[in-house]
Amino acid sequence: MFSAYSALSVPGRGAARLAAATMVSGLAAAGVLAGAGPAAADGTAQGRDGATATVNGLKTYGTAVLDGAMGEQEVPAGLFEMSVDGGGTLQTYCVDIQTPTQKDAKYHETPWSGTSLGTNPHAGRIRWILHNSYPQVNDLAALAKKAGVRGGLTEQDAAAGTQVAIWRYSDGAEVRAADPQAERLADYLEKKARALAEPAASLTLDPPAVAGRPGERIGPVTVHTNADGATVTPPADAATSGVRIVGKDGRAVTSVTDGSQVFFDVPEDAPPGTAELTVQASTTVPVGRAFASESRSQTQILAGSSESAVSASATATWGARGPVPALSAVEDCAEGSLDITAVNKGDEAFTFELLGTEYSIAAGETRTVAVPLQEGQSYDFTISGPDGFGKRFAGVLDCRTQTGESEDGQSTQILGEPAPATAGGTSADTNLAETGGSGVTPLIGGIALGLVVVGGTTLLVLRRKDAGPRG
């Protein structure tokens, strides 16, 4: 039997009492995770496909007026700018008016199902707004005419009006633009919006984890991308391990296009092990893609993209006998869980313990372990297996927009910084608590909770699942 170590950070009221009760076991679990052998050391954090970027700040914005529990409050409203890892720039609007934007927060391209958009029936209308307003429509005179805005629109008006219209659908907020021209644009966009489908990812690999026997081609892994082409990087130790990345015909592959299938070609005499391939491309990220943070910074939705670097990775596990597992995970906001999919391509059951419960994946079987999480809860799981196998999944569940009410019934503070000096402005460097950032309710967490049991039942449910892709 193999084990899975975990560290959970539980925010919210009562967390201090829970932390005190579990401090000893929590610190022990954290120590095991940090000091474990090859399984934990070799495990990697949950994969992030597509674009990864760092927020630079709110760049083009005006003022909005939010009617909330504290009365009317002014908040900046407009376009953020992000710098893409590897090159490129993104423009985004936020879809959570009450949550602050953290300074230099790191964001990753995410399916709607992993954000509040996944459970929002109006998400498609938000995408329509993005396609039919600034900056996708940069002819402001034409946009003003269509919206019936007399006197025209400035960039600040257009950005503020667009953000206000988005908030009305993303948060259900009672919010208006302070500038009359921006408010008229917001009303027009809200009224005209129609549902559009979620855009496809800029780059993703399906499935992200495969398993098999040495001496055979393990896969396939299918490439999905809107780029004209992408580059394949083989495993870092390919020269010594002999593992090659090949196509259906067995020939080595160094470049791929949308729909291409690649395989891990593992030598017959290879000892049990794992390998990872990376696919990289340069493309524009589709308008409407969600971007989630790694630090509970407000969720963003893409309004515009330059040519940007995107990447995705997939792993393979192999062994001649015994269990041969492949593990992947996806956040599911509809269920409030992290779904860990386990595939066993070996000839014996893959048995592991996770949060005090034992699970057994039969040879040739695929199952999904759903780990229920609280909103805003950090997770950090490492599942170990045979021959030093280890897979780590880490992140934070960020599925709901904030309501403006803290758990103790007090209203959260809506920070106005950086407050525009006039009805509209362009900021050269504005990072903190922007676009309706909330000043409060810090997440009470950081305590590692090991083998957590709630109400006498474990935090896991097990359900059989078809092996189709998510997101």
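## Basis of the description

The model is predicted, so local features need pLDDT of at least 70 and side-chain atom pairs count only at pLDDT 80 or more, while totals for chains, interfaces and linings use all residues. Residues are numbered from 1 along each chain as its sequence is written, and side-chain values use heavy atoms, with hydrogens and water left out.

## Helix H5 and its partners

Helices (DSSP runs of H or I, at least four residues) and strands (runs of E, at least two) are numbered from the N terminus. Helix H3 (residues 123-131) packs against helix H5 (residues 155-170) at an angle of about 170°, their axes being 9 Å apart; axes are lines fitted to C-alpha atoms, for helices over the stretch in contact, and angles run from 0 to 180 degrees between N-to-C directions. H3 is therefore roughly antiparallel to H5, a term for angles over 145 degrees. On the H3 side the contact (heavy atoms within 4.5 Å) is made by Arg125, Ile126, Ile129 and Leu130, and on the H5 side by Thr162, Ala165, Ile166, Tyr169 and Ser170.

The axes of H5 and helix H6 (residues 180-192) come within 8 Å and cross at roughly 40°, so that these two helices are oblique to each other, the class left after angles under 35 degrees (roughly parallel), over 145 (roughly antiparallel) and 65 to 115 (roughly perpendicular). Residues of H5 including Asp157, Gly161 and Arg168 meet residues of H6, among them Gln181, Leu185 and Glu190.

## The open sheet

An open sheet of 5 strands has the order S8-S17-S14-S10-S12, with mixed pairing, where two strands pair if DSSP finds at least two bridges between them. Strand S8 (209-212) and strand S12 (255-256) stand at the edges with a single partner strand each, so one side of each is left without a neighbour in the sheet.

S8 runs parallel to strand S17 (residues 308-318), and 4 bridges join the two. Gly212 stands opposite Trp318 in S17.

## Salt bridges

Side chains of opposite charge can pair when their charged atoms come close. A search of the whole structure finds 12 salt bridges, each a side-chain nitrogen of Lys or Arg within 4 Å of a carboxyl oxygen of Asp or Glu.

Glu109 forms a salt bridge with Arg289, with the closest N and O atoms 2.8 Å apart. This pair links distant parts of the chain, 180 residues apart, since Glu109 lies in strand S5 (residues 106-110) and Arg289 in the loop between strand S14 (273-283) and strand S15 (290-293).
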